[in-house]
Amino acid sequence: MNKSSAPFLCKDYRVNLMNNKLSIPDERVKEMSTFRNSLIRPELGGIIGTIVVFIIFIILASDSGMFSSQGVLNWSIVSAQFMIIAVGACLLMIAGEFDLSVGSMIGFAGMLIAIFGVTFGWPMWMAILLTFAICIAIGALNGFICIRTGLPSFIVTLAFLFILRGFTIFLPQTIERKTIIGGIREAAEGDWLGAVFGEKLFMGFFQYLGDLGIISVFSRGTRAGEPVVNGIPMLIVWALILVAFGHILLTKTRFGNWIFASGGDAEAARNSGVPVNKVKILMFMFTAFCATVFATCQVMEFGSAGADRGLLKEFEAIIAVVIGGALLTGGYGSVIGAALGALIFGVVQQGLFFAGVESSLFRVFLGLILLGAVILNTYIRRLITGER
Amino acid sequence: MNSQATVTPIIEMRNIRKHYGPVIALAGVSIKIYPGECHCLLGDNGAGKSTFIKAMSGVVKPTQGDIFVNGEQKFFNNPRDAMQAGIATVHQHLAMIPLMSVSRNFFLGNEPTKKIAGIQFYDRKHADSKTMEAMSKMGINLRGPDQAVGTLSGGERQTVAISRAVHFGARVLILDEPTSALGVRQTSNVLATIDKVRNEGVAVVFITHNVRHALAVGDRFTVLNRGQTHGTAMRGDITPEDLQNLMAGGQELATLEGSLGGTV
């Protein structure tokens, strides 16, 4: 075949193609400094928000005991609670789905532990393990229904919000004729698994700090001589473990890549061989796991399970995740950001109390933070991803 | 000139028929594709191009007809079977995830891993360096491997998708209208990519309804019309006007062309 003699409409075009030098840098792209590059990350909004919130409360409430050891523990516990459910909600949201049943799941899981462990009198470890199994199975069912029917997870999990809450009220009323079941702390006494959720760590160390006078000690009453903060609650330990686990899973493993891809564009991910359905169902199960961790820590701390526990927690989790820079439609976000969102949430909620601000104003504050964070995050995300 | 007659086609589709209920989408189409060639599959809307490449990539099963890969008969039950036989499809829109970085997209589904303390971790360093290498080979300048695909142009995205398919061992690359939504410059980039890939010995099946784009890179041309093929023409054996007319089925376009000055 003689190429040059071919009667070609596009002969010149072809020659141009051959000589086309594609390796010229695009003159329309500005060089960016490495400092700017390292700063532009999904968590940036959360980092800025955290700094701003702490500055505000150091000014407003530094003399109120908010930053004493007891105050720090107070808002740390509240933040850790948010963090536990935010990690699950964050990974699920990045995978492109929602779970509105988190709050009801918290109430339901707590109630199951109480019924199994107190009413039925089973060993606490068995009650906890069975509750985890049931709740994770419900999470899987949530995911399975979403995948099979193709319905938005918003609707499916909204249905479970009501179903689970209904059972949470119905079960104790039918079995015990009341909506609060107590006696969990006594039932969990000496139980190894109960301790994993209800104990405190480093109690000796805190006693030592108290003895040294670094943290204040009770001066009167039955606990005189004990430090006011006598250890790190397992709740906080769980929060930190889950945040670390979620962050590593998302950014450092191939499964994390699949989470991003499933939420970013499920069809394209399938074309590339990503098991999208499996990823999504596993994330629903992980969200249920996080809700159950929250519930178990809570019933161990309170010593009781109530039918109204966990109310509105699903929205608080989603708010923390969104403050942390995740995209509501999936495919983008950061666990560290979600954890910072939870921290902001907890510090603001408790900080306003310390500062003596009328508690109803908390909602105003929260709304403003949410709005500001979302606007900032949208701007940052556009810088990173080139969306228009 | 006829050296190709002695070479086994890398993929041969023989007498492929596909019926969707009462609709006959393909009425017996045969095609041979050789390594290192760019085989253009032309046809107007509804000609059966999409059905044909779906049969080739395992998305649909033909009602009748045989598929041979390297002379060996194959039955594709799903896209994974076709992928294993070295047949990769690059879709126009469903190729890349815009919010993810280039290197994460590049290795999506084939992530390299390394073991740290017995646990498998995503080997980011390896992925990043391989991606940068592949991209510079294709002439795309990235700010960095973590640049999001959303910041790339449409042509660059196609190029990333093509080089990804080739990197992971595609021997037949099916490009489904890669240039139909692109501007002139981006189109020329994609065509240049096709040329580079072809020179590496990969067979490219280039689906298009733009005769100019086909003629710019094509070695052989097969025109589909109403589920049938009018045979395969070698480069140089056919004029652009003939191709155009074959695609449109003759008549209607002839009068149009006069008023448009022959530049459809």
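Student: Which residue with a positive phi follows α1(B)?

Tutor: The residue is Gly58(B), whose phi is near 80°. Please keep in mind throughout that this is a predicted model.

Student: What makes helix α1 (residues 49–56) of chain B mostly covered?

Tutor: Six of its eight residues are buried. The buried residues are Lys49(B), Thr51(B), Phe52(B), Ile53(B), Ala55(B) and Met56(B).

Student: Why is Asn15(B) called partly exposed?

Tutor: Its relative accessibility is 39%. The class lies between the limits of 20% and 50%, so Asn15(B) counts as partly exposed.

Student: Where is Glu177(B) found, and is this residue buried or exposed?

Tutor: Glu177(B) is found in the loop between β9 (172–176) and α6 (184–199) of chain B. Its relative accessible area is 16%, and buried means under 20%; Glu177(B) is therefore buried. Glu177(B) also has a positive phi, about 45°, although it is not a glycine.

Student: How do you know that Asp128(B) is buried?

Tutor: The relative accessible area of Asp128(B) is 15%. The cut-off is 20%, so Asp128(B) is classed as buried. The residue is in helix α4 (residues 124–137) of chain B.

Student: Which residues does Asp128(B) contact, leaving aside its neighbours within four places in sequence?

Tutor: Asp128(B) is in contact with Ser103(B) and Pro145(B).

Student: Turning to chain A, why are α4(A) and α14(A) called roughly antiparallel?

Tutor: The axes of helix α4 (residues 69–94) and helix α14 (residues 276–302) of chain A cross at roughly 170°. Angles over 145 degrees count as roughly antiparallel, and the pair is therefore given that description. The two axes also come within 8 Å. Both values are quoted because two packed helices are described by the angle between their axes and the distance between the axes.

Student: What kinds of residue make up the contact of α4(A) with α14(A)?

Tutor: Its residues divide into 13 nonpolar, three polar and two charged. Among those in α4(A) are Gln81(A), Ile84(A), Gly88(A) and Leu92(A). The α14(A) side includes Lys280(A), Phe284(A), Cys290(A), Phe294(A) and Glu301(A).

Student: Which residues have the most contacts inside the largest nonpolar core?

Tutor: They are Ile84(A), Phe197(A) and Ile259(A), in a core of 118 residues. The largest share of this core, 17 residues, comes from α4(A). Apart from it lies another core of 45 residues, including Ala170(B), Leu182(B), Val197(B) and Met247(B).

Student: What does Ile84(A) contact, leaving aside its neighbours within four places in sequence?

Tutor: Ile84(A) is in contact with Leu235(A), Trp238(A), Ala239(A), Leu242(A), Cys290(A), Val293(A) and Phe294(A).

Student: What makes Glu316(A) a buried residue?

Tutor: Its relative accessible area is 18%. Since buried means under 20%, Glu316(A) is placed in that class. Glu316(A) lies in helix α15 (residues 313–323) of chain A. Not counting residues up to four places away in sequence, Glu316(A) touches Phe82(A) and Phe345(A).

Student: How many disulfides are counted over all chains?

Tutor: The count is zero, the criterion being a pair of cysteine sulfur atoms within 2.5 Å. As for individual cysteines, Cys90(A) has 0% relative accessibility and Cys146(A) has a relative accessible area of 5%. With buried meaning under 20%, Cys90(A) counts as buried, and so does Cys146(A).

Student: What percentage of residues is buried in chain A, and what percentage in chain B?

Tutor: Of the 388 residues of chain A, 51% count as buried; in chain B, buried residues make up 53% of 264. Chain A has 17 helices and four strands, while chain B has nine helices and 12 strands.

Definitions and conventions. Residues are numbered from 1 along each chain as its sequence is written. Chains are lettered from A and ligands numbered from 1 in the order in which they are written. This is a predicted model: local features need pLDDT of at least 70, side-chain atom pairs count only at pLDDT 80 or more; totals for chains, interfaces and linings use all residues. Side-chain values use heavy atoms; hydrogens and water are left out. Buried means under 20% relative accessible area, exposed over 50%, partly exposed in between (1.4 Å probe, protein chains only). Helices (H or I, at least four residues) and strands (E, at least two) are DSSP runs, numbered from the N terminus. Axes are lines fitted to C-alpha atoms, for helices over the stretch in contact, and angles run from 0 to 180 degrees between N-to-C directions. Angles under 35 degrees count as roughly parallel, over 145 as roughly antiparallel, 65 to 115 as roughly perpendicular and the rest as oblique. Contact means heavy atoms within 4.5 Å. Ala, Val, Leu, Ile, Met, Phe, Trp, Tyr, Cys and Pro count as nonpolar, Asp, Glu, Lys and Arg as charged, and the others, Gly among them, as polar. A nonpolar core is a set of buried Ala, Val, Leu, Ile, Met, Phe, Trp, Tyr and Cys residues joined through side-chain atoms within 4.5 Å.
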